[in-house]
Amino acid sequence: MRNLIRSKSVYSFLKVLVRSEANRSTATLNQKAQGLHISFSRLRYFAHAAAMANSHRELDDTQIKLLQEECILVDKNDKNIGSASKKKCHLLKNIDEGMLHRAFSVFLFNKEGELLIQQRSDAKITFPGHWTNTCCSHPLNVTGELEEAAAVGVRRAAQRKLKHELGIEPEQVPVDGFHYLTRIHYRSNNVPDDKTWGEHEIDYILLSQRDVDLVPNENEVKDYKFVSRKDLKDLLETADEKGILLTPWFRLVANTFLFGWWDHLDNVDQDNDHSTIHRM
């Protein structure tokens, strides 16, 4: 992005896209993009990022309230070392000083073997509008979600958030129906990069296969769909070209682990690796 906007011609083109000038047709913009030797969809993606990063968008009231939740702080070995608000955990200034918290990512498949993915709401403070796995969130510093044996606290949190984000009733996703497979440790600045927010998590990867009823919370979820293995491979391969935003943790897990697990959804426990924290 920085290299691109150093070019005066590209920067001018970005300004046209950001301003959405009514007298410029898509065909005209596409011709200009070709002249810059970059796809129109890719440039449109950069323009969207630039516009949001340079705007001081007003944070959503509901999402602001959620920043008060107390997340679980951990060291690099996932040892509980205390708690801090969701806001403090996601501020870059704290992340740069090493603050690390516990999280989870759910991959929910239906009986046909299709994966449920969601597009995060534009109201989300981190990674708005990004496509990601079924549900991503945090166990909280509360009784029940602090319990570490067999990751039961994390699994309880997953059940809670599936109800909150997607309206899935708890009886449809019982706690013992989540397969805890492994953990990843990753860090990422927010996209758009607002120089304020980011992620730094030890992320528990949970998988479940069952049919569920969905009633999405529009403040959390912009869109959702079930994808086949081929659909997801195509999405991962073409997302950048098409200007489709994907969360970094979703890319990491999908490209590193997911397709191997997909081969045997009926026996994923054979892939359990609870002793390793994959540094990504």
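1. A disulfide here is a pair of cysteine sulfur atoms within 2.5 Å. Keep that cut-off in mind for Cys71: its sulfur lies 4.5 Å from the closest cysteine sulfur, which belongs to Cys89, so this pair is too far apart for a bond. Cys71 is also buried, with a relative accessible area of 0%. Please remember as you read that this is a predicted model.

2. How many disulfides does a search of the whole structure find? The search returns 0.

3. Now for the overall picture. The protein chain has 10 helices and 10 strands. Of its 280 residues, 49% are buried. Among contacts with a separation of 6 or more, 69% are between residues 24 or more positions apart.

4. What is the lining of the largest cavity like by class? It has 9 charged residues, 7 nonpolar and 6 polar. Helices H5 (61-66), H6 (86-90) and H8 (152-166) each supply at least two residues of this lining, and so do strands E3 (101-109), E6 (135-137) and E8 (198-209). Strand E8 gives the largest share, with 3 residues.

5. On to the nonpolar packing. The largest nonpolar core holds 29 residues, and the members that touch the most others are Leu115, Leu232 and Leu258. Strands E3, E4 (115-120), E7 (179-189) and E8 each supply at least two residues of this core, as do helices H9 (229-242) and H10 (248-262). Helix H10 provides the largest share, 9 residues. Another core, of 20 residues, lies apart from this one; Phe104, Ala158, Leu162 and Ile168 are among its members.

6. Setting aside neighbours within four places in sequence, Leu258 is in contact with Phe107, Phe109, Leu115, Leu232 and Val253. Two of these partners, Leu115 and Leu232, are named with Leu258 as touching the most other members of that core.

7. Is Gln119 buried or exposed? With a relative accessible area of 14%, Gln119 is buried, because the cut-off for that class is under 20%. Leaving aside neighbours within four places in sequence, Gln119 is in contact with Gly129, His130 and Trp131, and also with Glu220, Val221, Lys222 and Asp223.

8. Finally, Leu66, which lies in helix H5. Leu66 is buried, at 13% relative accessible area. Not counting residues up to four places away in sequence, Leu66 touches Lys86, His164 and Glu220. The C-alpha atoms of Leu66 and Lys87 are separated by 8.5 Å, with the two residues 21 apart along the chain.

Terms used: Residues numbered from 1 in each chain as written. Predicted model: local features only at pLDDT ≥ 70, side-chain atom pairs only at ≥ 80, totals over all residues. Heavy atoms only, no water. Helix = DSSP H or I, 4+ residues; strand = E, 2+ residues; numbered from the N terminus. Nonpolar A, V, L, I, M, F, W, Y, C, P; charged D, E, K, R; others polar. Core = buried A, V, L, I, M, F, W, Y, C linked by side-chain atoms within 4.5 Å. Buried < 20%, exposed > 50% of the residue type's maximum accessible area, 1.4 Å probe, protein only. Contact = heavy atoms within 4.5 Å.
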